[in-house]
Amino acid sequence: MDNSFKLTRNDNGIAVLTMDVPGETMNTLRAEFGEQITAMLDEIKADNQITGLVVTSGKPDSFVAGADISMLDACQTEQDAKTLSQQGHQVFLALEGLKIPVVAAIHGPCLGGGLELALACHQRVCTDSKKTMMGLPEVQLGLLPGGGGTQRLPRLVGITKALDLMLTGKQVRPKQALKMGLVDDVVPESILLQTAIDMALKGKKSPKKPKLSTLNKILEGTGAGRNIIFDQALKQVNKKTQGNYPAPEKIIDCVRQGSAKGLLKGLEVEASHFAQLVMTSESEALRSIFFATTEMKKETGAGDVEPRDLNKVMVLGGGLMGGGIASVTTTKAKLPVRVKDINETGLSNALAYAYKLLNKSVKRRHITPAVRDNQMALMTTTTQYQGVKDADIVVEAVFEDLALKHQMVKDVEAHCGEQTIFASNTSSLPIGQIAEAATRPENVIGLHYFSPVEKMPLVEVIAHEKTSAETIATTVEFARKQGKTPIVVQDGAGFYVNRILALYMNEAANLLLEGNGVEHLDKALVKFGFPVGPMTLLDEVGIDVGAKIAPILEAELGERFKAPQAFDKLLADDRKGRKNKKGFYLYTGKPKDKKVDESVYRVLGLSLGAGKLPEQVAEQCVVQMLNEAVRCLEEGIIASPRDGDIGAIFGIGFPPFLGGPFRYIDQLGAQNLVDKLSHYQSQYGDRFAPCERLKTMAQEQSRFYP
């Protein structure tokens, strides 16, 4: 194997150790590097001419992006995983133990194992580049930093800040890193190496004390104070994870034990906890999501067909969706957008929406006012079809009305080029029906965003039977440029995400009518792992929107989509949810003091019973979603279980630790799910009938994933 490490000696006694993994765009740490680094360190120790060492990367745009996660899938036992962690510990202890000063010179992403490498150096300097980011994101994979991160980070920046970074996985920019003491200096890229060499020439410094606020000095300075920090952190973590994710608790324990019993004991605890986490189903599920999204980034959704270049975008409709779509197009995709609406009010709403989002970044000092103004300048508005002849793609975000959408298709074909793609952000109308009005149906495609657009990572790209491969590839690429994860789905009412969501929401409404309280239902599904409960979601999306989509789904997909009577009664009482401050919850006072609007029970003619057990509530709603997801695969709406899992996790917050509907079915077993569905079918009727594919899988005892 080619050596990934090169040692260069300078006349001034400072040696530079450069990491450059051959054939890769980014450096990642691998188990087999242990021997290479150890040999290098032995060579450095034996050479009296070397008086200092700088560790840097040979890649132009990154330091070290972390450890290679595929190593973890190769671990057969807990002991294998523990050995991985301990090997890393030995290498980093040897680096830290060098008698000469060791300085890390960081440019670009320095994450996970990369930051742990930098933490084992005696000092760190980084560039002021936008590309430079530091963090320990392991918790997002259901893991903890297993290369000494749980021990060295708290000693460098203090316990509170270290826990914040490790429990959220968030990344810090150069200025923040300097402020918290994570790096010793921030310099332009052109003088990075020279600055690091100069730091090494000044000799070894004794470790600095963390920069702490007065309160944290008091808390972190005593055993009792530290216990308060750990107990509080644990309380917050459990509230957030509902006990579904084991990693945060183990991170807190590593820091607690290390701060009480010293570095070596802390490393021992870290290696054991790391090994246990690697073998959990939660981490396996979260790693599968990481691999799936990485794989999807390389796909066009249309085989070998290349996407066309995009230079200009048009958005029809300045509402909430239109404003959000225009905003991510200018800020993320950096493309000019022309927003068209029938009146000036819609246009000023779209501009105000985009400005508000950008201004948030200015307030947080992520961008300057000048950058904000330049990005706003990319957005122009019109009430006529002016300045749109050269638009490469038009995204339509008007009301869910087929006649209106037909009119939009005709208008765009009349005013734009022959190649212009017409992408409809419909949430329920089949794209084939929208394309019936087109003379160039091959250019018509669905592009379904989720609300709020700037926060939700998924978009569904919906091809009808006449959509061209080039249109699909170009639209997928466009969505990716906007920072989205696109899944390509086939045409049909509700597509994939809203279709599986509709049955889940209907079931929650049925449970409400059975006398289960609003809050009881929401809590049960949050405990199961959803980010919000179904009643809160209905208030957010709009009860009127739910009521509008239901008949479309029922007409196209059959009786099982029939909405419960509750919707009509709520709308008759003018309850639309958050938008008119009248729904299941009260919208007066602060958001965190949210209370149920008790009068809703009277409107529905309900008296609350004792309520089903939370586990039963969750199961009754979730099995509907699982059954429908398999049906979508059976009908070819989604191409693979992988796409179905990513769609459900990114589109509706299906619990990530379960890996998505299809991984969860594998975990439950198809037979077990068929039994549950059949049990509900005997109780409630055919809306619970298990689909054919599930019944076959139960008989064959087969799985979706090998």
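**Pocket lining.** I began with the second largest pocket and asked which element supplies the largest share of its lining; I found that α5 does so, with six residues. I note at the outset that I am reading a predicted model. For the volume of the second largest pocket I have about 940 Å³. Its lining comprises 37 residues, and those closest to the pocket centre are R155, L156, P207, K208 and P210. Besides α5 (149–157), the elements that give two or more residues to this lining are β6 (123–127), α7 (174–180), α9 (214–220) and α11.

**The loop at N244.** Next I looked up N244, which sits in the loop between α10 (223–241) and α11 (247–261). Is N244 buried or exposed? I count N244 as buried, because its relative accessible area is 13% and the cut-off for that label is under 20%. I then followed the side chain of N244, which reaches the backbone oxygen of K527 at 3.0 Å. Leaving aside residues up to four places away in sequence, I list E282, V526, K527, F528, G529 and F657 as the residues that N244 touches.

**Nonpolar cores.** I turned to the largest nonpolar core, which has 94 residues, and noted that Y496, L512, V518, F584, F654, F662 and L694 are the ones touching the most other members. The helix that gives the most to this core is α26 (residues 614–634), with 11 residues. I took F584 as an example and, again setting aside residues up to four places away in sequence, recorded its contacts with L512, V518, M535, L538, D539, I543, L570, V596, D597 and V600.

**Helix α15.** My last entry concerns α15, which runs over residues 344–363 and has 20 residues. From first C-alpha to last, α15 reaches 28 Å, close to the 28 Å expected at 1.5 Å a residue. At the N-terminal end, I found N343 as the cap of α15, with a side-chain oxygen 3.3 Å from the backbone nitrogen of T345. Just after α15, I noted that R365 takes a positive phi of about 65 degrees.

Which residues of α15 are buried? I list G346, L347, A350, Y353, A354, L357, L358, N359 and V362. In reading such a list I keep in mind that an α-helix has 3.6 residues a turn, so residues three or four places apart point the same way. Finally, I checked what covers the buried residues of α15, and the cover includes α14 (320–331), β10 (337–340), α16 (369–376) and β11 (379–382).

Conventions
Residues are numbered from 1 along each chain as its sequence is written. This is a predicted model: local features need pLDDT of at least 70, side-chain atom pairs count only at pLDDT 80 or more; totals for chains, interfaces and linings use all residues. Side-chain values use heavy atoms; hydrogens and water are left out. Helices (H or I, at least four residues) and strands (E, at least two) are DSSP runs, numbered from the N terminus. The expected span of a helix is 1.5 Å times one less than its number of residues. Buried means under 20% relative accessible area, exposed over 50%, partly exposed in between (1.4 Å probe, protein chains only). Contact means heavy atoms within 4.5 Å. A polar contact is a pair of N or O atoms within 3.5 Å; within protein, one must be able to donate a hydrogen and the other to accept it, and residues adjacent in sequence count only if both atoms are side-chain atoms. A nonpolar core is a set of buried Ala, Val, Leu, Ile, Met, Phe, Trp, Tyr and Cys residues joined through side-chain atoms within 4.5 Å. On a 1 Å grid over the protein atoms alone, a cavity is a set of points where a 1.4 Å probe fits but cannot get out, and a pocket is an open set with protein on both sides within 12 Å along at least five of seven lines; lining residues have an atom within 4 Å of a point. Grid points are joined across faces, edges and corners, and a volume is the space filled by probe spheres set on the points.
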